[in-house]
Amino acid sequence: MNATNFQKELDKLIDRNAQENRVPTLLLHSCCAPCSSYVLEYLSKYFSITDFYYNPNISPEGEYRRRTDEMERFIKEFPVVHEVTFLEGNYDPERFFSEVKGLEQEPEGGERCKVCFRMRLEEAAKMAKELGMDYFATTLTISPMKNAALLNQIGEEVAEIYGVTYLPSDFKKKNGFKRSTELSKEYDLYRQDYCGCVFSKAERERQKREMEANR
Ligand code: SF4
């Protein structure tokens, strides 16, 4: 069975809206400024965007604040085509810790991440419904470290639960990830070296120690 080409699905949807001269509203769940940079450059040509920053997985709080501020700064500085507004969700790390209880030792990309993706996408779907948005999406699919097929599957599932429309994506396509690194340099964006949670931070620190020891 052929794997779904999410970029092609997105292209088709964008073409359809363009033919009808529509600029639909999109709630874009954003994980951080570097990943969002390319996605905003790309999608703000076609959508009126509310950039929804909901990431209670990020610890410690100082790191969360730093990433949030960088997101807001990028939106202020970047010359988008259609309007982009910033919306910060609740920072409720206790929710993240309770949802991933028992999965603390999972490796990055494993079961803990599935729960983390779902938690954030579910909140995005809920907010999209509340605000009456035409679509919702997530910047997470730009990461070469994250499973785009899984993210799209979760997106569709929560869309059905909340009665909203999920926008399929694989933003690393069309050189999206490469462009995000260029924009990060251009705007001097803070690029974190771990995914976000305390567990990924510990894993990254362990890898760094191992690299040092093997030098
Ligand atoms: S590694 Fe990243 S995606 Fe996985 S649980 Fe931690 S913050 Fe969430």
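1. Let me start with a question: is N175 buried or exposed? Please keep in mind that this is a predicted model. N175 counts as exposed, because its relative accessibility is 54% and the cut-off for exposed is over 50%. The residue is found in the loop between α6 (148-162) and α7 (176-186). Its C-alpha atom is separated by 9.7 Å from that of I142, although the two residues are 33 apart along the chain.

2. Please look at the backbone of that loop too. N175 is not a glycine, yet its phi is positive, at about 60°. K174 also has a positive phi of about 60° without being a glycine, and K174 lies in the loop between α6 and α7 as well. With a relative accessible area of 51%, K174 is exposed.

3. Another backbone feature to check is the peptide bond between S59 and P60. This bond is cis, with omega at about -5°. As for its place in the fold, P60 lies in the loop between β2 (48-53) and α3 (61-77).

4. Now to the aromatic rings. A pair of aromatic rings is described by the distance of the centres and the angle of the planes. The count for this model comes to 14 aromatic pairs. One of them joins Y38 and Y42, which are stacked with 5.6 Å from centre to centre and 20° between the planes. Y38 and Y42 are both buried.

5. Y42 also pairs with Y46, and here the arrangement is edge-to-face: the centres are 6.2 Å apart and the planes are at 85°. How do the two partners compare in accessibility? Y42 counts as buried because its relative accessibility is 5%, under the 20% cut-off. Y46 has a relative accessibility of 31%, so it counts as partly exposed. Stepping back, ring pairs link Y38, Y42, Y46 and F171 into a cluster.

6. The charged end of R66 sits over the ring of Y190, at 3.6 Å from the ring centre. In the case of R67, the charged end sits over the ring of Y194, and the distance to the centre is 5.0 Å.

7. Finally, the ligand. Where does the ligand sit? Its place is in the largest cavity. The residues that surround the ligand are N57, E108, R112, C113, C116, F117, R120, C195, C197 and S200. Helix α5 (residues 111-131) gives the most to this shell, with five residues. By residue class, the shell around the ligand holds five nonpolar, two polar and three charged residues.

How values were computed. Residues numbered from 1 in each chain as written. Predicted model: local features only at pLDDT ≥ 70, side-chain atom pairs only at ≥ 80, totals over all residues. Heavy atoms only, no water. Phe/Tyr/Trp six-rings, centres within 6.5 Å; stacked < 30°, edge-to-face > 60°. Buried < 20%, exposed > 50% of the residue type's maximum accessible area, 1.4 Å probe, protein only. Lys NZ or Arg CZ within 6 Å of the ring centre and 35° of its normal. Near = heavy atom within 4 Å. 1 Å grid on protein atoms, 1.4 Å probe; cavity = no way out; pocket = protein on both sides within 12 Å on 5 of 7 lines; lining within 4 Å. Sits in = over half its atoms within 2 Å of the grid points. Helix = DSSP H or I, 4+ residues; strand = E, 2+ residues; numbered from the N terminus. Nonpolar A, V, L, I, M, F, W, Y, C, P; charged D, E, K, R; others polar.
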